[in-house]
Each structure stands twice: as C-alpha cells, then as structure tokens.
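The following paragraphs lead through one protein model, from its overall make-up to single residues. Please keep the sequence and the structure in view while reading.

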Amino acid sequence: MLSQTVDVPDTASILKYKLRVASEETDAALSGDIFQVIISAGTDTILNSMTLTTGLQTSTFGAKDHDISRFRGQTVSVQFYIETDSTLLSTVRIDDVAIV
C-alpha cells in the first residue's frame with residue numbers, strides 16, 4: 001500500500017493520477033488481484049476498486065480522476081492499495097498524483 005497524508009485545499013475537488021495495468025489474470029471471478037484507491041478521513045471511502053485482469057491492461061498510462069470535493073478543508077490519507085495472490089502476475093504503475 002502506498003499512503004500519503006495530505007491537507008485537501010478548500011478549492012480542490014479532484015484527485016488525479018495516471019495508471020498503467022499489466023496482468024496475466026484472465027478471469028475476474030478467479031482473480032485474487034485487486035487495486036483500490038481509498039481516501040480516509042476517520043473512516044475509509046473507496047473511490048475506485050477493480051479486479052486486475054488482462055481486460056484492464058493498458059500499453060500506456062491512462063488518466064484517472066475522482067471527485068473528492070466532500071473532503072475539502074480536511075486532512076486525509078490518500079491510499080493506493082494493491083493486493084495480489086500467488087498465481088498469475090499483475091503489475092500496477094501509478095504516476096503524476098495530484099489534488100486539484
């Protein structure tokens with residue numbers, strides 16, 4: 001898990017990042033590999049959750065964004081959580097994280 005505590009400015013409303021996924025998993029029902037984006041301000045709010053499979057693979061980084069306007073003016077923990085099982089390989093790359 002990657003985690004950073006940040007103060008969300010009163011004017012901010014979007015969590016932005018770039019994501020690149022590679023996976024050998026072919027069946028979402030059998031895959032034990034997951035990726036989640038979590039904001040925590042006392043309680044966890046899952047902004048994005050996906051099971052990693054070959055259908056999610058990207059050859060380049062894709063832009064992602066999530067509305068975080070309800071956290072304006074708060075100190076929060078931004079977490080990128082990745083869990084994999086011991087079967088097939090999945091890789092997640094995250095870049096250019098920003099709150100705007």
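Accessible areas come from the Shrake-Rupley method with a 1.4 Å probe. By that method the protein exposes about 5,800 Å², and carbon and sulfur atoms supply 47% of this area. The model is a predicted one. Along its principal axes, the C-alpha trace spans about 40 × 25 × 20 Å. Of the 100 residues in the protein, 31% are buried.

The secondary structure is quickly listed. The protein has seven strands and zero helices, and from the N terminus on its elements run β-β-β-β-β-β-β. Among contacts between residues at least 6 apart in sequence, 80% join residues at least 24 apart.

One part of the fold is an open sheet of three strands in the order E5-E2-E7, paired in the antiparallel sense. Strand E5 (62-67) and strand E7 (90-99) are at the edges and have a single partner strand each, so one side of each is left without a neighbour in the sheet. On average, neighbouring strands of this sheet are turned by 30 degrees against each other, direction ignored. Strand E2, residues 14-23, pairs with E5 over six antiparallel bridges. Ile14 has Asp67 in E5 as its bridge partner.

Next comes strand E3. Six of the seven residues of E3 (residues 34-40) are buried, so this strand is largely enclosed by the rest of the structure. E3 is joined to strand E4 (residues 44-51) by seven bridges, and the two run antiparallel. Between E3 and E4 lie three residues, and the two strands form a hairpin. In its turn, Gly42 has a positive phi of about 100 degrees. Strand E6 (residues 75-83) is also antiparallel to E3, and seven bridges join the two.

Which residues touch the most other members of the largest nonpolar core? This core has 18 residues, and those with the most contacts to other members are Leu15, Tyr17, Leu19, Phe35, Val37, Ile39 and Ile68. The elements E2, E3, E4 and E6 give two or more residues to this core. E2 supplies the largest share, four residues.

Leu19, with residues up to four places away in sequence not counted, touches Phe35, Met50, Thr58, Thr60, Phe61, Gly62, Lys64, Val92, Arg93 and Ile94. Ile39 is found in strand E3. With a relative accessible area of 1%, Ile39 falls under the 20% limit and therefore counts as buried. Leaving aside neighbours within four places in sequence, Ile39 is in contact with Leu15, Asp44, Thr45, Leu47, Ile68, Phe71, Val76, Ser77 and Val78. A distance of 27 Å separates the C-alpha atoms of Ile39 and Ser59, which are 20 residues apart along the chain.

The side chain of Ser90 makes a polar contact of 2.7 Å with the side chain of Ser23. A polar contact of 2.6 Å joins the side chains of Ser90 and Asp33. Not counting residues up to four places away in sequence, Ser90 touches Ala22, Ser23, Glu25, Asp33, Leu52 and Thr84.

Ser31 lies in the loop between E2 and E3. Its relative accessibility is 12%, and Ser31 counts as buried because the limit is under 20%. Ser31 touches Glu25, Thr51, Leu52, Thr53 and Asp85, again without residues up to four places away in sequence. Ser31 and Tyr81 are 50 residues apart along the chain, and their C-alpha atoms are separated by 16 Å.

Key
Residues are numbered from 1 along each chain as its sequence is written. This is a predicted model: local features need pLDDT of at least 70, side-chain atom pairs count only at pLDDT 80 or more; totals for chains, interfaces and linings use all residues. Side-chain values use heavy atoms; hydrogens and water are left out. Two strands pair if DSSP finds at least two bridges between them. Axes are lines fitted to C-alpha atoms, for helices over the stretch in contact, and angles run from 0 to 180 degrees between N-to-C directions. Buried means under 20% relative accessible area, exposed over 50%, partly exposed in between (1.4 Å probe, protein chains only). A nonpolar core is a set of buried Ala, Val, Leu, Ile, Met, Phe, Trp, Tyr and Cys residues joined through side-chain atoms within 4.5 Å. Contact means heavy atoms within 4.5 Å. A polar contact is a pair of N or O atoms within 3.5 Å; within protein, one must be able to donate a hydrogen and the other to accept it, and residues adjacent in sequence count only if both atoms are side-chain atoms.
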